[in-house]
Amino acid sequence: MLDFFRNYSEQLEILIEGDNPHAAELLRHADVDLLRNHLNRDERITAYATGRSVGVGRTIWVVTSHSLLVVQTGTRPGVRKFSLGSIEQADIEKGRYGHALSVYLPGARLGLYGVAQGFAVLTARALARPARLEATPAIAQTALSEEAQAHAQHAFADLTVRAQPLLAQSDAEARQLLQQTADRARSGGQQRAPEAA
């Protein structure tokens, strides 16, 4: 019941404001915790967008170097993961309540509405990839203000630092930190000599 009133209030706010006032906020700690367990070691976060999905409520799309993660944060939080190679088409559209993103997969279409412009454009570009960018003029031709781009990129960096702290550091710093961790594991008896290599 409380979830209904919370979602109803957010939807009412979107209708009154004409856009989603929560779409440009940094992700909550619970969202980052939920997402962290679904990232592989070699995946780098490239973009994300927060909006609403029909029948689901608040939803986050996170684009990594390998996949699209769809994070649902409602009463039954969960994460679905799709390979970027399985995406047939990605679209962006200016809607009545912010921007809308669409992704077409084999036999399915995913949609997200009420997305802030900077987040929507950069996420759509990350989904389209350079090879498919020419085929989607709406994505290629949508211009961003410097402020909108800087705000979205700051949010992406914040998510990377919180979800993947090792990848957020420089390669040299990450290697040094991993070496220190390995040294501590050896000295504490957690790692045997053959495993050290």
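**Helix packing, core and selected residues of the predicted model**

His154 counts as partly exposed because its relative accessibility is 48%, where partly exposed denotes the range between buried, under 20% relative accessible area, and exposed, over 50% (1.4 Å probe, protein chains only). The residue lies in helix α5; helices (H or I, at least four residues) and strands (E, at least two) are DSSP runs numbered from the N terminus. The C-alpha atom of His154 is 9.1 Å from that of Leu26, although 128 residues separate the two along the chain. The structure is a predicted model, in which local features need pLDDT of at least 70 and side-chain atom pairs count only at pLDDT 80 or more, whereas totals for chains, interfaces and linings use all residues. Residues are numbered from 1 along each chain as its sequence is written, and side-chain values use heavy atoms, with hydrogens and water left out.

The protein chain contains eight helices and seven strands. Of its 197 residues, 40% are buried. Among contacts (heavy atoms within 4.5 Å) with a separation of 6 or more, 52% join residues 24 or more positions apart.

Helix α5 (residues 146-163) packs with helix α2 (residues 29-36) at an angle of about 60°, and their axes are 10 Å apart. This angle makes α2 oblique to α5. Here axes are lines fitted to C-alpha atoms, for helices over the stretch in contact, and angles run from 0 to 180 degrees between N-to-C directions; angles under 35 degrees count as roughly parallel, over 145 as roughly antiparallel, 65 to 115 as roughly perpendicular, and the rest as oblique. On the α2 side, His29, Val32, Leu35 and Arg36 meet Leu159, Arg162 and Ala163 of α5. The residues of this contact comprise four nonpolar, one polar and two charged.

The largest nonpolar core has 43 residues, of which Tyr48, Trp61, Leu68, Phe119, Leu127 and Leu159 touch the most other members. Helix α3 (residues 117-133) provides the largest share of this core, with seven residues. Such a core is a set of buried Ala, Val, Leu, Ile, Met, Phe, Trp, Tyr and Cys residues joined through side-chain atoms within 4.5 Å. In soluble globular proteins, nonpolar side chains tend to be buried together.

Phe82, located in strand β4 (residues 78-83), is in contact with His66, Ser67, Leu68, Val70, Leu105 and Leu110, its neighbours within four places in sequence being left aside. The C-alpha atoms of Phe82 and Val70 are separated by 8.2 Å, at a distance of 12 residues along the chain. Gly111 belongs to strand β7 (residues 108-115) and, at 28% relative accessibility, counts as partly exposed. Beyond its neighbours within four places in sequence, Gly111 contacts Arg52, Ser53, Trp61 and Leu101. Between Gly111 and Asp91, 20 residues apart along the chain, the C-alpha separation is 9.5 Å.

Gln164 occupies the loop between α5 and α6 (165-168). With a relative accessible area of 7%, Gln164 is buried. Apart from its neighbours within four places in sequence, Gln164 is in contact with Leu39, Asn40, Glu43, Arg44, Ile45 and Leu159. Gln164 and Arg41 are 8.6 Å apart in space, C-alpha to C-alpha, and 123 residues apart in sequence.

Terms used:
Nonpolar A, V, L, I, M, F, W, Y, C, P; charged D, E, K, R; others polar.
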